[in-house]
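Please look over the sequence and the 3D structure shown here before reading on.

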Amino acid sequence: MCDVGYSVTEKQFVYALRRGLGSAIVELKTNENRARYRDAVLRCCLRDINYDWQVEGTKGWYLYTAVCALGEKDAFEPIIIERFLSRCRDRLFLQLSSILACFADDGSDRAKAAFREKYAGFAAKNGRLANSDADEGFQWDDVASRLFCIDGFAAFKRYVDDIGNVLAADPENSKVYYDSHALSFGAEDAFGKKRVNDYMEKMYDKSDAVKALTDAQKRDALSAERHQEEIARERLTIPMLVEAAKGAVSAAYPRAVMPHFRFMKNASEDEIAELARTALAEEDETIKALLLSMFRRKPFPLDIAPLLQYARSDNELLSETSINLLESFSDARIHDLAVELLGTKGLSSQALGLLKENYRKSDDALINALIAKAAIIPHHVQMDICDIYRHHRSKDAFPALLRVYQRGECAFCRHGAVEAMHHCGVLPDEILNECLYDSYDDTRKYAKRRLARKR
């Protein structure tokens with residue numbers, strides 16, 4: 001077993017804190033000279049340190065735990081509130097909101113007042129909300145959800161009235177209502193679906209605001225239903241896909257232009273096979289790659305020999321697309337291709353994912369060497385390593401998994417690394433104990449379960 005302990009420098013502490021590693025919290029709890037980290041913790045609170053908040057959360061609880069471990073709650077709270085009340089981008093706003101929600105949950109009247117003040121500022125704009133640098137409708141929605149927990153049902157009724165009054169005057173104002181989390185989830189989580197629905201039904205004929213909001217919800221639901229019906233009826237032809245691919249070549253993200261779901265949903269097996277043959281026959285490599293990308297969620301139906309050839313292409317899009325399609329197949333030729341590409345191009349070849357279905361024990365040495373040399377662990381490498389070792393057991397996987405755990409940016413994938421360590425039988429107690437303070441909720445829960453079973 002490799003030793004996972006290390007003497008923490010300030011640089012290492014900041015590195016761990018920004019990634020949401022529990023080791024940073026352990027350091028704050030155990031180091032008598034924790035004050036030397038004060039500025040680093042405050043900087044991380046006031047700057048966006050999220051990798052992908054939609055997947056891994058906002059790190060708000062994690063940063064609040066760091067503040068508490070540092071012993072700086074009273075000093076940091078007004079500074080965080082001042083930044084929260086200023087204009088800031090959505091990702092930073094959500095982080096600050098999450099930190100202050102923890103202050104409020106612990107009984108802070110200042111944090112509760114900050115949410116009320118921020119809400120009042122949005123409400124006073126009467127629907128004239130910005131959505132360029134900061135989506136104020138989205139932020140208002142988040143603040144409203146926080147206030148449901150702080151002020152109870154009265155906060156919900158106020159939010160309904162404020163949004164409804166804007167919609168009554170301007171039914172097309174999507175800035176205050178579009179995809180409202182507070183109305184669809186926040187209120188139901190706080191008060192229960194029945195209470196929310198009963199109130200809206202009761203007030204429909206009594207309040208113009210409630211009526212306007214309810215009608216807007218019905219219009220949106222009907223529009224979404226009609227859109228799905230149109231997709232279900234739509235019959236895309238292969239010539240139409242070829243034209244779409246030609247038009248997408250110059251796009252910033254060409255694959256995003258291709259109507260994958262719309263075609264595959266309604267296509268017959270014969271049409272899918274014909275699309276594959278059309279892609280193989282296409283001479284332009286970029287257009288070929290775009291047509292092949294249609295199979296990213298459906299197995300390629302023909303012989304994979306051409307894909308093995310395309311994976312070596314100098315056309316990056318064609319190479320990456322072909323590798324992605326080959327990942328779902330188990331074949332000795334794919335294993336040989338993975339070893340070849342990893343040996344010549346390294347992790348940048350994207351070929352690590354080919355080992356998910358084609359791993360051999362002899363691959364450990366190559367994987368460990370490549371991961372050890374990587375100054376940065378790209379997100380696709382995080383995902384691929386976790387997938388490989390959650391499905392294949394090897395005691396020799398620990399060095400690669402530890403480095404991915406410590407140096408990967410994504411907290412969600414870090415959870416996968418911890419699971420893979422356990423699957424391979426190499427998860428040390430040191431890692432489990434620091435995972436109790438990880439920024440990702442599921443990692444903390446996982447560590448609690450594993451430690452409870454050990455006891």
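## The chain as a whole

Residues 24 or more positions apart account for 70% of the contacts in the protein chain with a separation of 6 or more, where contact means heavy atoms within 4.5 Å. This is a predicted model, in which local features need pLDDT of at least 70 and side-chain atom pairs count only at pLDDT 80 or more, while totals for chains, interfaces and linings use all residues. Residues are numbered from 1 along each chain as its sequence is written, and side-chain values use heavy atoms, with hydrogens and water left out.

The secondary structure of the protein chain consists of 27 helices and zero strands; helices (H or I, at least four residues) and strands (E, at least two) are DSSP runs, numbered from the N terminus. Along its principal axes, the C-alpha trace spans about 65 × 65 × 40 Å. Of the 455 residues in the chain, 49% are buried, where buried means under 20% relative accessible area, exposed means over 50%, and partly exposed lies in between (1.4 Å probe, protein chains only).

Helix α2 (residues 22–30) gives an example of burial, with Gly22, Ser23, Ala24, Ile25, Glu27 and Leu28 as its buried residues. The elements that cover these buried residues include α1 (10–19), α3 (38–46), α5 and α26 (429–435).

## The largest pocket

Rolling a probe the size of a water molecule over the atoms shows where empty space is left. On a 1 Å grid over the protein atoms alone, a cavity is a set of points where a 1.4 Å probe fits but cannot get out, whereas a pocket is an open set with protein on both sides within 12 Å along at least five of seven lines, and lining residues have an atom within 4 Å of a point. Grid points are joined across faces, edges and corners, and a volume is the space filled by probe spheres set on the points.

The largest pocket has a volume of about 1100 Å³. Of the 43 residues that line this pocket, Trp53, Leu94, Asp142, Arg146 and His181 are the closest to its centre. Two or more lining residues come from each of α4 (53–56), α5 (60–70), α7 (90–105), α9 (136–151), α11 (181–191) and α27 (441–454), and the largest share, eight residues, comes from α9. By class, the lining has 18 nonpolar, 13 polar and 12 charged residues; Ala, Val, Leu, Ile, Met, Phe, Trp, Tyr, Cys and Pro count as nonpolar, Asp, Glu, Lys and Arg as charged, and the others, Gly among them, as polar.

## Aromatic pairs

The structure holds 19 aromatic pairs. Rings of Phe, Tyr and Trp (its six-membered ring) pair if their centres lie within 6.5 Å, and planes under 30 degrees apart count as stacked, over 60 as edge-to-face and the rest as tilted. Two of the pairs are set out in the table.

| Pair | Distance of centres | Angle of planes | Class |
|---|---|---|---|
| Trp53 and Phe138 | 5.9 Å | 45° | tilted |
| Trp140 and Tyr159 | 5.5 Å | 80° | edge-to-face |

Trp53 in helix α4 and Phe138 in helix α9 are 85 residues apart, so their pair links distant parts of the chain. Trp53 is partly exposed, with a relative accessible area of 25%, and Phe138 is also partly exposed, at 28%. Trp140 lies in helix α9 and Tyr159 in helix α10 (residues 153–169), so this pair ties together parts that are 19 residues apart in sequence.

Not counting residues up to four places away in sequence, His415 touches Tyr440, Asp442, Thr443 and Tyr446.

Ala417 is also found in helix α25, and Ala417 counts as buried because its relative accessibility is 0%. Leaving aside neighbours within four places in sequence, Ala417 is in contact with Cys386, Leu401, Val404 and Tyr405.

Leu290 lies in helix α18 (residues 285–292) and is buried, with a relative accessible area of 0%. Leu290 and Asp106 are 184 residues apart in sequence and 52 Å apart in space, C-alpha to C-alpha.
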